Amino acid sequence: MKNLLRSILIACLAVLMLVMFTACGGDDTVDTDGASGTSSQTEQQTDGQTEEQGGQTDEQTQNDSVRNDGISDDIINDNF
Amino acid sequence: MKKKILSMLLACLMVMSMLAVTLSAADSDVCSVTKKDGTVVGTYAKYEDALKAAYEAGGGTITFVADYTLAGATNVNTDAATVTDITINGGGHTLECGSITPFNFAANDNVTVNDLKVNTTGARFTDIYAGSTITFNKVTFTSNAHIDDQYGYFRTPNTNSANDKVNTLNFKDCTITLTGKGTVIGIRNGAHILDVNMEGTTVIGSTQGNMPGFIYGGRNATLKDTDVAVSGRVFWGMKGGTIRVDGNSTLKTTSGSRAIFDIAGSYNVYLGDNTKIVGKVLNTVGGAAEYLNIYATNPDFFYTDDTTQNTSFPAPVMNDGATLRVSDDEPNYGLRFTSTCAPTADTETVKGVKYGTVITKDTYLDKALWAEAVTGNAKDGDKEIFKSVWADKGLTKAADGTVTMNTALANIKEENYKSTFYARSFAEYSLDSLDFVKVYVFSELDTAKHGASYSETVNKDLSENVKDASADGYTTVVDSYVTYANNAYAWQSGTKYTCYSSKQYADLKAIATK
């Protein structure tokens, strides 16, 4: 009986240790994965923003005029 | 019987009273003298005695109460060390001088002569020693004396000891008429400096023979609203300095003169907006000239005779107002003044043509230092108030030789957005082989047409560069625009299309609405 109880206790301890180990290892894995995931999100966000900005720039370039009168001047700076 | 005696007595009384008046006039004094503090010194029958008394009193005022004919020398003071202030009030009387020089002053005297008629027949008007300042107000000079030397009717200084003291001759509202022979104003010793200032004065010279006509050896002269017409070897025999002629002034050489300027030194000549030179400008037989710069802010300054304008070089012409500079190159924005200049037909004489433009601000316009700006000397204290730039990148030349100049005032300070700026372009050229001579001819200045403000120019430009609907080159959508009505620009809300980028429009709107 004692042996049985001892075996169950050891088994429980082993399971507990396994669970704890698993839990600890899982945290590490989660952290790592989480960090990677964040990076991915940032990349996605950056990419998204870049694409979005690129879209706006393209849109402005297509729609905005720019004036340059094309005349050369001799310059006097205002120090009056 | 009683009546007979009474009538004879009355007749005798009348004769005696007339005799008394006659005697009184004969004995009357010519001048009174008062000290500087107003104390009466005395009255004198001779001007030369009054002058001596004024000197002995340490200076004062001599007042003429009658016409007078000089009887003795006037060099009554030889104390060169003492500064003496003398005022001579002529009261419209006449001083007949014959062959005696009337104004013969020692060094360091300050003398003012007012409202007097001075005639000589064989003498100069002045002999003035170094360091003196002599001012003539409303004095009429006439002389038929044959001076026959270059030291002049107004000789200064009469000494051979060289020093650096300035001698100054001022004439205001005077008339000088000479029918004899000799230079009008001369400096006897070349080591001295003579400043001559004339305002509202007329000088009519006679035939001066082989002598300089107007001034010999003068260093600096300022003439305003003054006409000078003389003959002689040259008009102005110079030794270096500055000549400034302004107001309604005319310098004229009569027949027989070689030229206006005959130089042996370095001279800057500034001719104002309403000045005119009649005759040949330069004597090509001149001495060891270093340079002669003639700055003419009146483009029509030079006449070959009374009515024929010399057109050897056309003046630049400014466009009205200014336009907005908008460029990819920095500075991106500015106030652009544009001018054109036709080519000269006188390609034989005119050499080395260069162009430039001067800009100033409304608050400095009255200073009129356009010509000085060319050499960077248009200053108020240390501040440059007229600024010049040579035409280079902004210059284009058409096939017919016409030059267009674009000059922009850039980096305009916010405090100057609403100031009015004015511009004048100029052309610089040399005369034939006389490479020491440079003439600067400026465009006309019409303040009603040639000024522009940055704020107004930007508003005008923006008001003209929006459309109600998108069009070719007008695709930038803006939510406000400016309109012009009742002599004012007003900004409105509403959708418009402009040829500017959003950034340009925002930049310019900030200027326009400041």
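Start by selecting helix 4 (residues 454-464) of chain B, which lies across strand 38, strand 39 and strand 40 of chain B and runs at about 120° to strand 39 of chain B. Angles here run from 0 to 180 degrees between N-to-C directions, with axes fitted to C-alpha atoms, for helices over the stretch in contact. Helices (H or I, at least four residues) and strands (E, at least two) are DSSP runs, numbered from the N terminus.

This is a predicted model, in which local features need pLDDT of at least 70 and side-chain atom pairs count only at pLDDT 80 or more, while totals for chains, interfaces and linings use all residues. Residues are numbered from 1 along each chain as its sequence is written, and chains are lettered from A and ligands numbered from 1 in the order in which they are written.

Next, select the strands under the helix label. They form an open, antiparallel sheet of three strands in chain B, in the order 38-40-39. Strand 38 (466-467) and strand 39 (476-485) of chain B are at the edges with a single partner strand each, so one side of each has no neighbour in the sheet. Strands pair if DSSP finds at least two bridges between them; strand 38 and strand 40 (residues 488-498) of chain B are joined by two, in the antiparallel sense. Pick Val466(B) to find its bridge partner in strand 40, Thr498(B).

Now colour chain B by domain. The assignment, which is automatic or from a database, gives domain 1 (28-303), domain 2 (317-453) and domain 3 (465-512). Between the C-alpha centres of domain 2 and domain 3 of chain B there are 31 Å.

Move to the interface. Here 17 residues of chain A are in contact (C-beta atoms, placed from the backbone, within 7 Å) with 36 residues of chain B. Strand 1 (residues 74-77) of chain A gives the most to the chain A side, with four residues. Select strand 34 (residues 403-410) of chain B as well: four bridges join this strand to strand 1 of chain A, and the two run parallel. Asn77(A) stands opposite Ala410(B).

Then pick Asn411(B), in the loop between strand 34 and strand 35 (420-431) of chain B. Leaving out residues up to four places away in sequence, Asn411(B) touches Asn77(A), Asp78(A) and Pro331(B). Pro331(B) is 80 residues away in sequence, yet 6.8 Å away in space, C-alpha to C-alpha.

The chain A mean is 59, and 31% of its residues reach 70 or more.

Methods
Two residues are in contact if their C-beta atoms, placed from the backbone, lie within 7 Å. pLDDT is the predictor's confidence in each residue, from 0 to 100.
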